[in-house]
Amino acid sequence: MADVRVISNSTVKTANHRASGGRIELNPWDLRALPLGYTQMGLLFSKPKEPMREKETGNTLIHHFKTSLSHTLDHFPLLGGRLATTQHEDDTVSFFVDCNNGGALFRHAAADGVTISDIIKPVYVPPIVHSFFSLNGLRGYEGITNPLLGIQITDLADGIFIGCTINHVVADGTSLWHFFNTWSEISKGSIQLSKPPVFQRWFPDGMDIPIRIPQSCVNFKQSNEDFIPPPVQDRVFHFSKETVAKLKAKANAEIGTDKISSLQALLSHIWRCVIRNRRVDPNQETSYRLVVGARQRLQELPDNFFGNALMPVIVTMKAKELMEQGIGNPAWQMNRKIAAMTEESFKNMLESWSASPSFTILSNRNTLFTASSPRFIMYGNDFGWGKPIAVRGGSSVKFDGMLRLLSGAKEGSIDLEACFSPQTLEAMANDQEFMDTITV
């Protein structure tokens, strides 16, 4: 398959320069993501009639993308800024976003001869998809000298791919899709935003602002130098609305409740499949790391808050318990952990983190991690010539056990972008119990 050819790189700034300026202090939800890679999600479209090439004059598609992105940044000045630091005399450092209109990276590229079928038909996600994104390999703390937002438009033989890369320090998955949804609205000509973003972070009463972190805790570059991740592959599994409903009914019936959600049942099903196919020692503990949103649990956070508002929840079981007790018990354990996350839990986390900072580490051989959500509006992003054909993630934050939950193309269906070792993915493909729940 051909390599991706970069046609041009440029910087897109706010259309209204008065929209930029000021600073945004970061809270623990943001700061925990400093060592994490940027978040990358993209949409695959059929090719519009408008030509891709950009001219000095004329309203070509690339010019339209740049113009609409610039107007979108008017409403998201944070994404046109840079991270910045203040060094304090007590050997601590604080981080904030300088909304200086440094601009977002805009890249126009081409994958000559590559078709839509080349992307969506193979069993495994082709590695070339990772080249459909910009700012590859960057981590959150590198947003001091790099853009916080990178957009790449890649021209395919019969389609285009819009890749969005956002620094995780300033946005979680909810916020990434908030931006994507708004950009598509503006691209189609909307003037009144359906969901204007709110950037002001929330801090518990009495917390010192800015948060000061000991200098010894933020030597991220040195801590990442020696880690060489093992080889992994991506595969997208499709679960129909009917299959998800059956898994939910089965999990609830096993426990004798009606409280287990569709997602909890699905994740339990996936967890058991992975552990079964990894051939984990029956007495080995295995964990599933979930993230719980704060927007619905904290009165102080509006639904249109743009930033990070997540807290991890970890469910741990021995492999033999996972295998012997059906999908109901793991799903119920997830349900109880999530139900225990109260408003007080979130506030306590913020307060305890500022007193003793620690940073998110995702990769662990015996832990699965789920990111993203099928509740995000993905297939509703119409830039003016129709809805997407597929959703794909980039290479950032990929390791053995990373799972992305995506909305399916059909209403009510769920796609799972699974990142595992080639051996695990091959074993899953030969697992009839699992594959019987997959829609081809």
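Biologist: What covers the buried residues of helix 6?

Modeller: In this predicted model, the cover of the buried residues of helix 6 includes strand 10 (233–239), helix 7 (262–278), helix 9 (328–339) and strand 16 (414–420), with contact meaning heavy atoms within 4.5 Å. Helices (H or I, at least four residues) and strands (E, at least two) are DSSP runs, numbered from the N terminus. Residues are numbered from 1 along each chain as its sequence is written, and side-chain values use heavy atoms, leaving out hydrogens and water. Local features need pLDDT of at least 70 and side-chain atom pairs count only at pLDDT 80 or more, whereas totals for chains, interfaces and linings use all residues.

Biologist: How do you know that the span of helix 6 agrees with its number of residues?

Modeller: The expected span is 1.5 Å times one less than the number of residues, so the 15 residues of helix 6 (residues 241–255) should span 21 Å, and the end C-alpha atoms, 22 Å apart, agree with that. Just after helix 6, G256 takes a positive phi of about 80°.

Biologist: Which residues of helix 6 are buried, and what places them on one side of the helix?

Modeller: T243, V244, L247, A251 and N252 are buried in helix 6. The arc they cover around the axis, taken from the directions to the C-beta atoms, is only 165°, and therefore they lie on the same side of helix 6. The face turned away from that buried side carries the exposed residues E242, K246 and A253.

Biologist: Why is L135 called buried and R279 exposed?

Modeller: Buried means under 20% relative accessible area, exposed over 50%, and partly exposed in between (1.4 Å probe, protein chains only). L135, at 11% relative accessibility, therefore counts as buried, whereas R279, at 75%, counts as exposed. Neither L135, with a positive phi of about 60°, nor R279, with a positive phi of about 55°, is a glycine. L135 is found in the loop between helix 3 (116–120) and strand 7 (149–155), and R279 in the loop between helix 7 and strand 11 (285–293).

Biologist: What makes the peptide bond from I209 to P210 cis?

Modeller: The omega of the bond from I209 to P210 is near 0°, and P210 has its place in the loop between helix 4 (173–187) and strand 9 (213–214).
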